[in-house]
Amino acid sequence: MNIMAEIAIIFGVCLVSEGIAALLPVAFPASVIALLLLGLLLFTRIIKPEHIQRLSGFLVANMAFFFLPSCVGVMEHAPAVLRQLAPFLLISFLTTPLVYLVTGWTVQWLIRRSRGKGAGKDA
């Protein structure tokens with residue numbers, strides 16, 4: 001598929017998610033809705049991975065550039081960030097291992113489940 005069609009698919013999903021976010025009675029980020037919507041479309045095979053493969057590869061390869069604006073924003077507010085540095089570091093050091101453990105357990109559970117070994121334990 002040509003790159004313009006891939007861009008149109010991604011931007012179309014983003015546009016639909018903006019509309020959904022505007023219709024919701026509660027504030028919910030359109031980017032999260034777009035992520036869920038794209039995942040649903042890929043899972044149901046309405047959009048095949050090949051339809052967005054080239055653009056996705058480009059975006060992943062250049063992901064670091066997308067973090068630059070947020071890093072600059074944090075640097076602009078350095079004094080406010082430094083005042084909250086101790087709680088931030090404490091939370092980061094406590095939650096990072098927790099996230100790793102939960103992710104590891106989830107992956108192991110999914111592997112066991114896909115092999116059929118954990119069927120008796122899951123019920």
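Reader: Hi! What kind of model is this, and what pLDDT do local features need?
Author: Hello! It is a predicted model in which local features need pLDDT of at least 70 and side-chain atom pairs count only at pLDDT 80 or more, while totals for chains, interfaces and linings use all residues. Residues are numbered from 1 along each chain as its sequence is written, and side-chain values use heavy atoms, with hydrogens and water left out.

Reader: Great. How far apart are the end C-alpha atoms of α1?
Author: They are 30 Å apart, which agrees with the 30 Å that its 21 residues should span at 1.5 Å a residue. The expected span is 1.5 Å times one less than the number of residues. Helices here are DSSP runs of H or I with at least four residues, numbered from the N terminus.

Reader: Which residues of α1 are buried?
Author: Glu6, Ile10, Val13, Ser17 and Ala21 are. Seen down the axis of α1, these buried residues fall within an arc of 75°, so they line one face of the helix. The arc is taken from the directions from the helix axis to the C-beta atoms. Buried means under 20% relative accessible area, exposed over 50% and partly exposed in between, with a 1.4 Å probe and protein chains only.

Reader: Why would residues three or four places apart point the same way?
Author: An α-helix has 3.6 residues a turn, so residues at that spacing point the same way.

Reader: And what is exposed on the other side of α1?
Author: Met4, Phe11, Leu15, Ala22 and Leu23 are exposed there. Leucine 23 counts as exposed because its relative accessibility is 74%. Its C-alpha atom is separated by 35 Å from that of methionine 75, 52 residues apart along the chain.

Reader: What covers the buried residues of α1?
Author: The cover includes α2 and α3.

Reader: Let's take α3, then. At what angle do the axes of α1 and α3 cross?
Author: The axes of α1 (residues 3-23) and α3 (residues 53-61) cross at roughly 75° and come within 8 Å. That makes α1 roughly perpendicular to α3, a label for angles of 65 to 115 degrees, where under 35 is roughly parallel, over 145 roughly antiparallel and the rest oblique. Axes are lines fitted to C-alpha atoms, for helices over the stretch in contact, and angles run from 0 to 180 degrees between N-to-C directions.

Reader: Which residues make that contact?
Author: From α1 they are Ile3, Glu6, Ile7 and Ile10, and from α3 they are Gln53, Arg54 and Leu55. Contact means heavy atoms within 4.5 Å.

Reader: Now α2. Which of its residues are buried, and which are exposed?
Author: Ala30, Ile33, Ala34, Leu37, Leu38 and Leu41 are buried. Seen down the axis of α2, they fall within an arc of 130°, so they line one face. The face turned away from that buried side carries the exposed residues Leu35, Leu36 and Phe43.

Reader: What follows α2?
Author: Arginine 45 does, with a positive phi near 65°, although it is not a glycine. Arginine 45 is found in the loop between α2 and α3 and is partly exposed, with a relative accessible area of 44%.

Reader: One last stop: where is threonine 103?
Author: Threonine 103 is in helix α6 (residues 85-115). Threonine 103 is partly exposed at 43% relative accessible area, and its C-alpha atom is separated by 21 Å from that of leucine 89, 14 residues apart along the chain.

Notes. Helices (H or I, at least four residues) and strands (E, at least two) are DSSP runs, numbered from the N terminus.
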